Amino acid sequence: MIEVVASMARGPVFLAGEVLECLITFTNPMSHLSTSASSEMLAWASAQIHCQFHASESRVALPAQGTKQDVQAESDTVLIPSKGERGQCVLDTPPKILFCDLRLDPGESKTYSYSEVVPTDGPPSFRGQAVKYVYKLTIGCQRVNSPIKLLRVPFRVLVLHGMPEPPFPQDEEVAPSNPFLEEEEGSRRDTRPLERALDMLMITTSRRCPYMFNITNMRGKVAKFCIFKTVYRLGEDIIGTFTFSEGDIPCLQYSVSLQSEEEVQEQYQRRPGQAVSVTGHGRHLESCLHTASSHFSLPVPLNVTPGFTTDIVTLRWRLHFEFVTAREPVEAPVVLQNQSEVTVWTGAEHVDVDTFSWDLPIKVLPTNPTLASYVSQFTGTNSINI
């Protein structure tokens with residue numbers, strides 16, 4: 001028996017265009033003191049990245065592709081990373097051979113390093129109501145005349161549109177070099193695209209400009225709403241303020257919800273005029289009668305998917321507001337200046353109200369993948385015995 005362990009040292013979340021690195025260790029767990037122990041052999045092992053796509057049959061009508069047979073036989077040496085999985089493989093990288101003819105003595109282990117650039121032309125990781133995009137690193141191993149064994153390590157991909165391309169060779173020529181820091185300079189050049197992408201992300205989401213909105217219904221002005229920006233990254237707090245003292249209509253209650261909208265493209269909809277799937281990711285509810293001003297704070301979860309568009313689906317983000325207003329003026333409690341006794345104000349038992357809602361589109365962008373790794377459902381490590 002040989003134990004295979006794959007581990008992504010930096011974590012299970014990556015930006016598209018970033019280099020994924022994984023250490024794959026092959027171990028013969030038999031003790032070297034055991035008299036019955038013997039050497040173990042593996043014919044070959046290879047690894048590659050692939051993205052698996054799955055669509056809900058009740059929501060998405062995909063074009064017929066005919067019957068697709070699994071061409072990987074029991075003893076073939078052809079690696080099909082998506083073998084046995086649901087859906088279809090929409091993206092994969094060329095397989096890389098880790099070794100051929102590996103012999104491990106009892107207690108011996110060998111570690112191989114796999115690295116690959118996460119493709120920039122693929123969709124982000126997403127588990128929606130209509131479609132799913134799941135990324136996996138698949139390691140295939142085979143003994144001689146034995147079936148292929150697959151070890152899959154799922155990971156998450158964030159897509160940042162406009163991520164800088166890797167630097168051209170001439171960039172390295174003009175960059176200052178230090179012969180005593182050759183390795184450090186080389187590693188710094190490798191991380192330059194990621195650093196530039198994160199800098200661009202920080203600049204985009206740090207711009208603040210107050211946006212003012214007058215909240216009105218058919219009876220008049222309810223409040224003034226202010227939000228300082230409409231572009232956020234994962235993990236940020238969305239903060240907004242209401243000024244009810246400038247309104248003519250008394251507002252009894254308001255709520256703000258962070259929602260995502262998953263819309264299937266028209267040509268792939270199962271039914272004409274199919275409704276958009278709305279998912280809530282947080283809600284703030286507050287009573288505000290006789291309140292001059294109020295504010296709310298809604299965090300953007302780290303585990304959600306930023307907005308994106310593919311040929312099949314579009315994901316957008318919005319703030320959904322709901323207001324409850326009174327049809328008639330509601331008198332505020334009056335406290336006399338020289339009153340010594342404590343008085344209790346009781347609200348009206350019956351109030352005629354109106355309700356209305358409003359949606360404010362916002363943009364949600366990725367964040368630093370290291371930060372997103374802390375709340376990832378994936379561990380970045382997996383193992384198998386062959």
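Me: What does Arg233 form a salt bridge with?
Reply: Glu236. The closest N and O atoms are 3.8 Å apart. A salt bridge here is a side-chain nitrogen of Lys or Arg within 4 Å of a carboxyl oxygen of Asp or Glu. This is a predicted model, where local features need pLDDT of at least 70, side-chain atom pairs count only at pLDDT 80 or more, and totals for chains, interfaces and linings use all residues. Residues are numbered from 1 along each chain as its sequence is written, and side-chain values use heavy atoms, with hydrogens and water left out.

Me: Are Arg233 and Glu236 buried or exposed?
Reply: Both are buried. Buried means under 20% relative accessible area, exposed over 50%, partly exposed in between (1.4 Å probe, protein chains only).

Me: How many salt bridges does the structure hold?
Reply: 13.

Me: What about Arg318 and Asp359?
Reply: Their side chains meet in a salt bridge, 3.2 Å from N to O. Arg318 lies in strand β19 (residues 313–326) and Asp359 in strand β20 (residues 353–365), so the pair ties together parts 41 residues apart in sequence. Strands are DSSP runs (E, at least two residues), numbered from the N terminus; helices are H or I runs of at least four.

Me: Which residues are linked with them in a network?
Reply: Glu261, Glu263 and Arg316 join Arg318 and Asp359 in a network of salt bridges.

Me: How accessible is Arg318? And Asp359?
Reply: Arg318 is at 13% relative accessibility, so it counts as buried. Asp359 is at 33%, so it counts as partly exposed.
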